[in-house]
Amino acid sequence: MAALPLSSSTGLTDLFGRQVTYLRLSVTDRCDLRCVYCMAEDMAFLPRKDLLTIEELYRLAATFIKFGIRKIRITGGEPLARRGIITLFELLQPHIGASLDEVTLTTNGTLLSRFAEPLAKAGVQRINVSLDTLNPVRYEKITRRGDIAHVFNGLEAAQKAGLKVKLNTVAMQGGFLNEVDSLIRFAHGRGMDLTLIEEMPLGLTGHDRYDTHLSLSRLRESLAQRWTLSPLQASTGGPARYVQVEETGGRLGFITPLSCDFCAHCNRVRVGSTGRLYPCMGQTGMVELREILRGCEGGTALTEAIHKAVAGKPEGHNFLIEKNNTRGILRHMSELGG
Ligand code: SAM
Ligand code: SF4
């Protein structure tokens with residue numbers, strides 16, 4: 001299929017005056033890993049027939065672009081495990097620099113050595129790679145099966161292909177605390193930003209989140225005793241707050257959905273791989289777009305459904321992690337696109 005014509009924007013603004021300009025599009029809920037904070041060991045995945053096709057994913061993305069979306073992040077599950085994924089990037093490519101500022105990717109990196117070059121050729125400039133440890137044994141434990149060597153090879157291939165890489169690390173109690181300094185040195189030593197993410201209570205994973213959750217506000221205080229952290233004003237428009245680590249010259253981000261205000265400047269919506277539009281990842285509300293997209297009602301019904309979902313974007317999430325009192329969402333992060 002050829003890329004659809006580039007068109008002008010009619011903005012999406014919610015009832016709290018937040019302009020939605022960022023779409024996270026999940027292309028699959030499947031993954032080659034089973035990270036302990038993300039999935040259960042024995043996950044049941046969605047039937048493949050329920051997933052949007054690559055062409056439908058593109059048509060949906062193009063509709064959002066028409067409504068003023070400026071940035072699209074392709075995510076999952078593991079997006080690089082989705083067959084035909086590069087075609088989606090190629091279809092989006094003509095929009096980059098015109099109606100779209102960028103198309104990015106979040107990946108676990110295991111397949112990056114194969115896909116780095118095609119991604120760069122399809123106009124991708126920046127990617128996020130999730131890596132929670134540098135230790136092969138710990139990596140296998142956290143991912144319940146992964147081989148860290150694949151990620152290291154992927155990172156090398158990505159940088160060789162000219163992709164700018166940011167590392168994402170979910171901060172958890174335990175081994176992470178012994179490794180955080182090494183992760184900072186590793187990322188910054190290779191010219192990569194590092195973002196630390198607080199664990200969120202999304203989906204049942206087989207452990208009590210209270211036992212693993214780590215407050216990044218507190219971690220930041222302890223890091224500040226070892227590193228010189230200078231706050232950076234530049235905002236990505238997203239939830240991360242960045243500091244410059246003076247000793248390394250690199251940037252360190254903190255995503256703190258639980259311990260700090262996170263929602264006031266939210267500019268994003270998420271679409272799951274079956275076409276469900278989630279205006280907030282921390283609430284249950286969603287609007288089904290797949291049948292509208294497949295139906296014969298045409299563009300008007302889709303327009304109405306998208307506007308309705310954005311109008312219903314809640315003010316904030318409802319997460320809470322306390323002893324014997326964790327409040328979360330049953331849906332896994334991999335279903336709606338992390
Ligand atoms: N598979 C890809 C990856 O791991 O980068 C993309 C999808 S994954 C769901 C996207 C991001 O969500 C990853 O950085 C992952 O660490 C994060 N994530 C998954 N479950 C989470 C949770 N319960 N709390 C916080 N972050 C989570
Ligand atoms: Fe897979 Fe990403 Fe979830 Fe890990 S965080 S299980 S890599 S989807």
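I looked up the pairing of strand S1 and found that S1 and strand S2 (residues 71–75) run parallel over five bridges; two strands pair if DSSP finds at least two bridges between them. Strands (E, at least two residues) and helices (H or I, at least four) are DSSP runs numbered from the N terminus. Leucine 25 stands opposite isoleucine 74 in S2.

I noted that this is a predicted model, in which local features need pLDDT of at least 70, side-chain atom pairs count only at pLDDT 80 or more, and totals for chains, interfaces and linings use all residues. Residues are numbered from 1 along each chain as its sequence is written, chains are lettered from A and ligands numbered from 1 in the order in which they are written, and side-chain values use heavy atoms, with hydrogens and water left out.

I then turned to strand S10 (residues 268–271), which is parallel to S1 and joined to it by four bridges. Here leucine 25 stands opposite valine 271.

Is S1 buried or exposed? Five of the five residues of S1 (residues 22–26) are buried, so the strand is largely enclosed by the rest of the structure. Buried means under 20% relative accessible area, exposed over 50%, partly exposed in between (1.4 Å probe, protein chains only).

Lastly, I checked polar contacts of ligand 1, that is, pairs of N or O atoms within 3.5 Å. A polar side-chain atom of serine 130 is 2.5 Å from an oxygen atom of the ligand. A polar backbone atom of methionine 200 lies 2.8 Å from a ligand nitrogen atom.

Definitions and conventions:
Polar contact = N/O pair within 3.5 Å; in protein donor to acceptor, adjacent residues only side chain to side chain.
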